[in-house]
Amino acid sequence: MRRLRVIFAVALVSASLAACNAILDIDPPNVVDDEDANVTAPSLDADVPLDGGGSEGTSYPPCPQGQVRAIAERGAFCIDQLEVSVAAYGRFLEAGAPSAKHPSCVWKTAAQPDQWATQTQRTGRPVVNVDWCDAYDFCAWRNARLCGRIGVADAGAGWLTAARLRESQWYTACSSDGTRAYPYGDTYVAAACNVKDLPDARALEPATARPACITGDGGARNLVGNAIEWIDACEKDTRDAAASRDRCSLYGASFRSSEAVLDCSFALPAERRFRSDDVGFRCCSD
């Protein structure tokens, strides 16, 4: 299994979003912004065997709308095919942004992302400028959970280490259960995902703009590049009783990332309260 590479940093560098195309909304499926009307959305209910083999003789219930099933040695789960969109998050806000009352989020007072007015001009893009608690609350509201440990919701601190990387839903889906370095294979392909190294690099893109940036046959898209994503793996900061400074994991790199950090094992720690215009998330279901 590949070694987990963690780059310690106090914060990410924030920058204004450049104008870019909208991405496909997750909910409802197969709805795209006008600029992307010629893009066909992939199926949202496919079973995706992560080991590259078939799933004959195995029966699983259908995944919730907008998710695909990942089948791994440690168990099957469902993961959002696309990053959570501005439109989907807007419905969460319209519902009153109900809190899941996570004990480490007592410091939260508002769920509206930074630069929200700008984000709502492109409702199909992935929602960004959200902190860990925003992501956790949204997934709970949707009767899902922030992607974390396979088979264990709210696993607590300390479970995600290099030796236990394949217990992570996010990493397992991205790496085909540890058999691939990248979502699409074991060799880096410069044009596969929306990353800094591309000659036409820009900000957030439509989720369907780079069909090669996908896991399995009709699996999750943009797990590498586009928006880096929160997962449910945090370490307590003893200096902060309110837990807003706890160190939580971001996975997948973003449109600002270069080849050196683009495989599925790349992780970046950030404070639970951290927000940036290249930080988003997706949800999982057991």
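A disulfide is here a pair of cysteine sulfur atoms within 2.5 Å. The structure is a predicted model, in which local features need pLDDT of at least 70 and side-chain atom pairs count only at pLDDT 80 or more, whereas totals for chains, interfaces and linings use all residues. Residues are numbered from 1 along each chain as its sequence is written, and side-chain values use heavy atoms, with hydrogens and water left out.

**Figure 1. The disulfide of Cys193 and Cys213.** The sulfur atoms of Cys193 and Cys213 are 2.1 Å apart. The torsion about their S-S bond is about 95 degrees, so this disulfide is right-handed. Both cysteines lie in the loop between α4 (169-174) and β6, and the pair therefore ties together parts that are 20 residues apart in sequence. Helices (H or I, at least four residues) and strands (E, at least two) are DSSP runs, numbered from the N terminus. Cys193 is buried, with a relative accessible area of 4%, and Cys213 counts as buried at 1%. Buried means under 20% relative accessible area, exposed over 50%, and partly exposed in between (1.4 Å probe, protein chains only).

**Figure 2. Two left-handed disulfides, Cys63 to Cys78 and Cys105 to Cys133.** A search of the whole structure finds 7 disulfides. In the link of Cys63 and Cys78, the S to S distance is 2.1 Å and the angle about the S-S bond is -85 degrees. Cys63 lies in the loop between β2 (47-49) and β3 (67-72) and Cys78 in strand β4, so the pair ties together parts that are 15 residues apart in sequence. Cys105 and Cys133 have their sulfur atoms 2.0 Å apart, with a torsion of about -90 degrees. Cys105 is in the loop between α1 (86-94) and α2 (116-119) and Cys133 in helix α3, so this pair ties together parts that are 28 residues apart in sequence. Cys63 and Cys78 are buried, as are Cys105 and Cys133.

**Figure 3. Strand β6 and its pairing partners β7 and β9.** Two strands pair if DSSP finds at least two bridges between them. Strand β6 (residues 228-235) pairs with β7 (residues 247-251) in the antiparallel sense over 4 bridges, and Trp230 has Leu250 as its bridge partner in β7. Of the 8 residues of β6, 7 are buried.

**Figure 4. The largest nonpolar core, with 61 residues.** A nonpolar core is a set of buried Ala, Val, Leu, Ile, Met, Phe, Trp, Tyr and Cys residues joined through side-chain atoms within 4.5 Å. The residues with the most contacts inside this core are Ile79, Tyr89, Val127, Trp132, Phe138, Trp230 and Phe281. Helix α3 (residues 132-141) gives the most to this core, with 6 residues. A second, separate core of 5 residues includes Val128, Ala203, Leu204 and Phe255. Contact means heavy atoms within 4.5 Å. Beyond its neighbours within four places in sequence, Val127 is in contact with residues including Tyr89, Trp116, Val279 and Phe281.

Figure 5. Phe77 is buried, with a relative accessible area of 0%. Phe77 and Ser285 are 208 residues apart in sequence, yet their C-alpha atoms are 5.9 Å apart in space. Apart from neighbours within four places in sequence, Phe77 is in contact with Val68, Arg69, Ala70, Ile150, Gln169, Thr172, Ala173 and Ser285.
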